[in-house]
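Subject: Handover of a structure, with findings

Dear colleague,

Please find below the structure I am handing over to you. The findings follow directly after it, arranged by region.

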Amino acid sequence: MDRIDLLIVGGGPIGIACGLEAQKKGLSYIIIEKGPIVNSLFNYPVNMQFFSSSERLEIDNIPFISNEAKPKRNEALEYYRRIVTSNNLRINLFEEVEEVKKEEGLFFITTSKNSYRANNVVLATGFYDLPNLLKVPGEGLAKVSHYYKDPHYYAGQKLAVIGASNSSIDAALECWRKGAEVSLIIRGGEVGKRVKYWVRPDILNRIEEGSIKAYYHSEVVRIDPGEIIIQTPKGQITLENDFVLALTGYMPNFEFLKNSGVTLSEDANKLPTYNPDTMETNISGLYLAGVICGGMETHKWFIENSRIHAKIIVDSIISTTKKSNNKKALSDNA
Ligand SMILES: Cc1cc2nc3c(=O)[nH]c(=O)nc-3n(C[C@H](O)[C@H](O)[C@H](O)COP(=O)(O)OP(=O)(O)OC[C@H]3O[C@@H](n4cnc5c(N)ncnc54)[C@H](O)[C@@H]3O)c2cc1C
């Protein structure tokens, strides 16, 4: 394949924003996505509602019309898919990038289907592929999931939901409303402060009235086929249990970052190295975009505040290319 200006790894909202910007500015580019368009959003819970209002999820000022101020997952799928199709963005779906290697000023990219050569690469791979594991016995049982999709599945079942953030609280409320018996297991002393402001009172009221049983300052010790054992301030207790939703967050694929040459901070946050003015990493021509920039601080970047990365990156590529062309012209003339 011919050498292209830019290869974008990941067709989430921010990878798509990068592709759109590259197209507008006349760069040759391709987006490589291992799943369907906006794979992470596709895998979100079916009834999920964003905390952002729709105009804050827009890319390139293309209007995002939603029924309510805060759009639902299915509306976001429509929006981002239409951006891809109506702009004829170059995107290869169901193709996974396996390796990004730089040699003699050029990137060589190997995927599950092909190989590419590019002058620049953007990693926009998000954080939704790798869950933070509980690391307790029984976590591998089929009844345990780190992803929540649809409340219908849990009707009439004894369900333990682990976590106190938006994902776990949404799941606990929805499943309880569809007839699950829900226990909420929370490591800290309260429901997360970042839980959507219109959802927080709902869960607090359900806990107070005893509809959902919350165990604060509690952690899972072990999961057995018919039970879950938790450590509470009052000692270890055993709950009858059919299903566990361990919604304790996700993390970026650090191995992929490291293998691509990106250095990470040595503290627990594992922040990837990049220049915030250009989004370029410690490898010249290799850029980061979207939520991946936050390392373990996955709440720091989201669509709202990272959609600007596309323009920053494409401007940086264009200005670097101009500078190197000028340099070459000067040395050719010398
Ligand atoms: C439940 C939930 C609710 C949220 N609500 C909001 C909200 O209201 N507002 C907001 O701004 N943000 C919200 N976020 C965060 C937001 O969804 C993410 O910030 C957003 O998806 C980030 O976009 P991204 O393009 O950086 O990453 P992603 O959307 O995760 O896209 C990364 C893409 O890269 C692909 N990929 C990964 N590895 C490879 C590979 N090796 N090869 C090829 N493709 C690869 C993945 O399949 C994926 O499609 C929410 C997140 C969650 C989990």
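This is a predicted model: local features need pLDDT of at least 70, side-chain atom pairs count only at pLDDT 80 or more; totals for chains, interfaces and linings use all residues.

Helices and strands are named here as DSSP runs and numbered from the N terminus, a helix having at least four residues and a strand at least two.

I begin with the surroundings of H217. Leaving aside residues up to four places away in sequence, H217 touches I186, R187, G188 and G189, and also Q231, T232 and P233. N74 lies elsewhere: its C-alpha atom is separated by 35 Å from that of H217, and the two residues are 143 residues apart along the chain.

Five strands make up an open sheet with parallel pairing, and their order is β8-β15-β9-β10-β11. At its edges are β8 (144–145) and β11 (213–215), each of which pairs on one side only. Helix α4, residues 166–177, packs on this sheet and touches β9, β10 (181–185) and β15. The direction of α4 makes about 165 degrees with that of β10. Within the sheet, β9 (residues 158–162) and β15 (residues 243–246) run parallel and are joined by four bridges. I162 stands opposite A246 of β15.

The sheet that contains β12

Here three strands form an open sheet, in the order β12-β13-β14 and with antiparallel pairing. β12 (219–224) and β14 (235–240) each have a single partner strand, so one side of each is left without a neighbour in the sheet. On average, and with direction ignored, neighbouring strands of this sheet are turned by 20 degrees against each other.

Its two pairings may be summarised as follows:

- β12 and β13 pair in the antiparallel sense over five bridges, and a hairpin of two residues joins them. The bridge partner of R222 in β13 is I229.
- β13 (residues 227–232) and β14 run antiparallel and are joined by six bridges, with a hairpin that passes from β13 to β14 through two residues. I228 stands opposite L239 in β14, and I230 stands opposite I237 in β14.

The strands around β6

Strand β6 pairs with β1, β5 and β19. Six bridges connect β1 (residues 3–9) with β6 (residues 115–123), and these two strands run parallel. In this pairing V9 stands opposite L123 of β6. β5 (residues 106–111) pairs with β6 in the antiparallel sense, over four bridges, and a hairpin of three residues leads from β5 to β6. F107 has A118 as its bridge partner in β6. β19 (residues 286–288) runs parallel to β6 and is joined to it by three bridges. The bridge partner of V122 in β19 is Y287.

The ligand and its shell

Which residues are closest to the ligand? They are E33, S40, Y44, F51 and S52, out of 30 residues that surround the ligand. By class, this shell has 16 nonpolar, eight polar and six charged residues.

- V97: a backbone N or O atom lies 2.9 Å from a nitrogen atom of the ligand.
- N39: an N or O atom in the side chain is 2.9 Å from an oxygen atom of the ligand.
- P13: a backbone N or O atom lies 3.5 Å from an oxygen atom of the ligand.

Taken alone, the ligand exposes 980 Å², and the protein buries 93% of that area. The elements that give two or more residues to the shell are α1 (13–24), α2 (39–42) and α7 (303–306). Among the elements, α2 gives the most, with three residues.

With kind regards

Methods: Residues are numbered from 1 along each chain as its sequence is written. Side-chain values use heavy atoms; hydrogens and water are left out. Two strands pair if DSSP finds at least two bridges between them. Contact means heavy atoms within 4.5 Å. Axes are lines fitted to C-alpha atoms, for helices over the stretch in contact, and angles run from 0 to 180 degrees between N-to-C directions. A residue is near a molecule or strand if one of its heavy atoms lies within 4 Å of it. A polar contact is a pair of N or O atoms within 3.5 Å; within protein, one must be able to donate a hydrogen and the other to accept it, and residues adjacent in sequence count only if both atoms are side-chain atoms. Accessible areas come from the Shrake-Rupley method with a 1.4 Å probe; for residues, only the protein chains shown count as cover. Ala, Val, Leu, Ile, Met, Phe, Trp, Tyr, Cys and Pro count as nonpolar, Asp, Glu, Lys and Arg as charged, and the others, Gly among them, as polar.
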